[in-house]
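Here are my notes for your first pass through this model.

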Amino acid sequence: MELFDSLILLLDSTVRLTVPLLLACLAGLYSERAGIFDIGLEGKMLAGAFGAAVVAALTGSAWLGLFAGIGVSVAMALVHGVASITFRGNQIISGVAINFLAAGLTTLLGQTWFRQGGRTPQLNGDARFNGFDFPFADQLAEVPVVGSIYSELLSGHNVLVYAAFFAVPITYFVLFRTRFGLRLRASGENPKAVDTAGVNVNMMRFKAVLITGILCGIAGAYLSTGMSSGFVKDMTAGRGFIALAALIFAKWMPVPALYACLLFGFLSALGNFMQGAELPIIGEVPVQLVQALPYILTVVLLAGFIGKAVGPKAGGIPYVKER
Amino acid sequence: MTDKSQANEQRSSGTAVSQNAAPQLAIELAGINKHFGPVHANKDIDLKVTRGTVHGIVGENGAGKTTLMSILYGFYTAETGRIFVDGKEVTIKDSSHALELGIGMVHQHFMLVDNFTVLENVILGAEDDALLQPSLDKARKVLAQLARDYELEVDPDALIEDLSVGGQQRVEILKALYRGAEILILDEPTGVLTPSEADHLFKVLETLRKQGKTILLITHKLREIMAITDDVSVMRQGAMVKTLETKNTDPAELAELMVGRRVLLRVDKGPSNPGDVKLEVRDLVVKDDMDITRVKGINFEVRAGEIVGIAGVSGNGQSDMLEAITGMRKADSGQLIVKGKEVVIKGDDGAAKLRDMSVAHVPEDRQELGLVVTFEQWENAILGYQDDDKYGKGAFLSIPAAREEANRHIEKYDIRPANNRLKAANFSGGNQQKIVLAREMSRNPDVLVVGQPTRGVDIGAIEFIHNQIVAMRDAGKAVLLVSVELDEIRSLADRILVMFDGHIVGEADPATATEAELGLLMAGVSADNAPESDKREANNKESAK
Amino acid sequence: MIVRKPLPRWADLILVPFLNLTLAFLISGLVVLIIGENPIEAVKILLFGAFGYGEGLGYTLHFATNFIFAGLAFSIASHAGQFNIGAEGQAYVAGLGAILVALALDQTHWLLVMPLAMIASAAIGGFWGFVPGYLAAKRGSHVVITTIMFNFIASAFMVYMLNRVLKQSDNMAPESATVVNAGRMPQLREWWDYFGYSPLNVMFFVAVAALIAAYILLWRTELGYKIRTMGQNPSAAHYAGISNSAIVMIAMTISGAVAGMIALNEVLGVQNRLVLDFVFGYGFVGIAVGLMGRNHPIGIALAALLFGALYQGGQELAFMMPAVTREMILVIQALVILFTGAMEGLFRRPLEMMFGMLEFSKSEKSDDAPASSKS
């Protein structure tokens, strides 16, 4: 039974660690499906986390924090949009700039406003997104297996966790069942076809980038007001890049994105778990290997050794109407 | 029937009375002007198109046909000029506005999303509401109806990338019809089609005309104009030259109007004096990047002191053959023999190998292949020969030596402006071509492979380039010339091979072959569809004489 | 009819970068204002801190050394059309080469250690650049994504190496043994005490030499010609018999090797041992330096000096104006990348219009502009 409890704990931790990856991954999905590369997911998430923590600390409301986080992240997304859509700049360079901008500004402003070495004040009570229990979670906890799955694994998370998983079918629906999704995907595959069909490509791309901003903001808010109780310097810790890796791993599809993020979330949970633990037969597995696995897997996948990941055809190329 | 097409029907039933034009005109353009940078692409264009007719627009490449139609389709905005649709003056803001006015366009390069289905492509931009399913259902019904009406059969659930080129074109036409187009613009629609697909297209157009649609057909093929149009307008260098009734004109007149003056492409050249075989291909099969077989087993040889011309409609495998012969592409099978030695390409630097064997290559596309347009002329003067010790010993590059070479090119080939520090992008098309020719010819190669030597080059430079190619022949070089300009082939080549669908379908003597005979061969209508091996023997016999 | 004209050379090379940079600094000034400090005062402190006295200048040049290597690494790949954002990871793993050679030969002479450590660092850093290059050339991977992933893989790998392999039993911290003798790069202060306690060392001269070598490589050798051809037009390079895949791999390897030189400057010039995250983001600054320096060695030298001054002056600033923390540099760096890189067209288009208009008023009479090719 002890092993089973550990497994539940591991999976519970997987769920929590998957959430920011999933939100950021879906964020990237919208942008890249519309033809705008985004390596600035990390920065937008970080900025969102900061915005959310600051406003939550000042107002005591996690919800106001969430909106602030979204607002800050969207502002960053718009910078990316203006640079890469309006000025047809290099999308990679713009993404790099966004990441530095977020890293610099959050710490600088955090220090200026709170003087706690870049941290924001500790959040308590309503300033955080707290978990809520499903009905009868307590009573069912004692039921073997099913009980702990219900009360530990499924119940007890905060609203953003459920929102993140719910975002998967929604994204699928939006992309593949709506006019907006059709036009968005076409903008990333053949923008000229969209233009000649009488649809404004750049406007479509701006909308996509906007959604990316919103989702990154939620991901950031989850980090600072859901998973932790406040903003800490560089708290995204490369999650934006793992999300990017997951996006490639999922071949730019929403449901596979969920699986990829769960896999990568599981790997980071496992990494935390295994710190110093000895495994039978293999002995001690270096935790760093587990941590690096998402990146290694992505490299291997990209190189076509296991399947082939080909992104949207017009990705990274600014749309120019007139010669 | 769709709402939109009903609306269009109302419009075409002619309630609007024009103040400027007779009501039977579907389109009237007046005084259209458009520049691209320094290029005056459309100069004061006037055009009247009668409803229910097929109206052809002919002109050479770059005459401004596509620009004019793109203005009509709202893709570009004219600087000046007025547009009347069904007698009403309109300002077409963008493509969606053009669609609302009942104007649809089938572009030369299809505007389709490859990994979408036919249905998805058809409704893109014309969806009825936020959810797709109702639009998809409706489109499925409409397509079925259109297929019956116009013989436009396509599987609505097929992915575009799985369709043939002809199938993709049908989707483009369906897209326009689905949007209720009453006026259909087709830009060079047969350029990518096989002859049978082209025939089918013409049947479709015929049906469309009968149903009262107006069709604008852009082409540079006079045969098509004569076959299907009611009226024809000729454009030349951005200007509208003349509009004629097709039945009152003939190809000769149209050709003269297109070119302006009869250009005598006859080059002064004596009889050829063929020597040893310098270049030979045997059963050459070549696939393109998409893994489609483009060259399907061809055989020929080129001897020292002769020009062998490969004629054919663009897209029949010539480009891939050129790349295989010059080492840029691995042959799928078959042999390439240069000066008696078989050449096998392994890595992606095969072009260097062929250059080492003294095979020079003037590529079809100078801007994409033959030049680095952001490099200065002197840097382009050594492209492909950068490893030569002449331009620096060992690993180093001698800028003075390269500049000296560049200046020799400028002088000998009259490249203007005579400035080796100017970027290649800043030279005119003719001078860019001279930069490439100078580089390849001044190496004194044994074999010269030339693709489309005068594409987009002005008349004066054409003459110069042709004379240079003949001079190479007279100096005892083996010259292989690939061109889609039949006149060019006829005036330069000593022997003509015609390529169609990856095969060499015939050989002709330029002195005796008529344009009609060659045209038939180029269209794939050869007298005999004999297997390739027989022809090879025939070729060998021919060249053994 | 107003036509956009290509900008004259001077405007292209000086005016546009100047305007972009000015905008970046103006916005940075705004940020300083927002956090309640006086930007002009800040600039004064920064400039004095960076250039005002020997030790400050020494630090400035020391940082600039890193940035020259990082900027060159970015640029050489860039000339071949490859976007290498992996200099950070390449420099990080190269630290292994530097420290292992230095530890092994600590009892010899620095004239022996230095070239061997350089070779070892270049080899490891070069390998870390070669693999993404190979994957791009032969397997069609995206260099940007692969190099990002390689940065993280490098990071995990180095944590492992420092914790499990190089860590000393008598030290709790994850760091290697310390070099004490010949393994240390000679400090310039040993000969010239003007530089105070700054860690400016002989690697500075290597950096200057690297600038010259890069110039020669790119513009005076066949390989450089091939690299530039590949970067400008891969199809033309293919036509010219240049192996695209070979050039990508070579350029990425050189790029990684150059990035590896940062390891010597930091590991053997400052820390004297291998520590976690010694690269400290210098590799990423290379992107800004390369973009700002227009991928030309002279530009890279100037941009590296600017960033060196920002880093050193920024430290001084953080000391004098505690509100303006070290992260201010990151903000400036981001804005420089944004405006000289991604928003490069911000001033370009209006300027092209302006020059077009000037041109137009000069040649109003002649309507027949020379037919120019499509671009």
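1. Start where chains A and B meet: 19 residues of chain A are in contact with 21 residues of chain B. Here "in contact" means that the C-beta atoms of two residues, placed from the backbone, lie within 7 Å. On the chain A side, helix H8 (179–189) and helix H9 (191–196) of chain A are the elements that give two or more residues, and H8(A) gives the most, with six residues. That side of chain A splits into seven nonpolar, four polar and eight charged residues. For the sorting, Ala, Val, Leu, Ile, Met, Phe, Trp, Tyr, Cys and Pro count as nonpolar, Asp, Glu, Lys and Arg as charged, and the others, Gly among them, as polar.

2. A word on the ground rules. This is a predicted model, where local features need pLDDT of at least 70 and side-chain atom pairs count only at pLDDT 80 or more, while totals for chains, interfaces and linings use all residues. Residues are numbered from 1 along each chain as its sequence is written, and chains are lettered from A and ligands numbered from 1 in the order in which they are written. Helices (H or I, at least four residues) and strands (E, at least two) are DSSP runs, numbered from the N terminus.

3. Now look at chains A and C. Their contact takes 39 residues from chain C and 38 residues from chain A. Several helices of chain C each supply at least two residues to its side, among them helix H5 (110–139) and helix H6 (143–165). H6(C) gives the most, with 12 residues. The chain C side holds 26 nonpolar, eight polar and five charged residues.

4. Chain B has an open sheet of four strands in the order S12-S11-S14-S15, with antiparallel pairing. Two strands pair if DSSP finds at least two bridges between them. Which strands stand at the edges? Strand S12 (293–303) and strand S15 (341–342) of chain B do; each has a single partner strand, so one side of each is left without a neighbour in the sheet. Strand S14 (residues 333–338) of chain B and S15(B) pair over two bridges, and B:Ile337 has B:Glu342 in S15(B) as its bridge partner. Helix H10 (residues 318–325) of chain B packs on this sheet, touching strand S11 (277–287), S12 and S14 of chain B. The direction of H10(B) makes about 125° with that of S11(B) (axes are lines fitted to C-alpha atoms, for helices over the stretch in contact, and angles run from 0 to 180 degrees between N-to-C directions).

5. B:Glu151, not a glycine either, has a positive phi of about 55° and lies in the loop between helix H5 (132–150) and helix H6 (165–178) of chain B.

6. Are those residues buried or exposed? A:Trp252 counts as buried because it has 21 C-beta neighbours inside 10 Å, whereas B:Glu151, with 12, counts as exposed. The cut-offs are 20 or more other C-beta atoms within 10 Å for buried, 12 or fewer for exposed, and partly exposed in between, with C-beta atoms placed from the backbone.

7. Finally, check the peptide bond from B:Arg416 to B:Pro417: this bond is cis, with omega near -5°. B:Pro417 sits in the loop between helix H14 (399–412) and helix H15 (429–441) of chain B.
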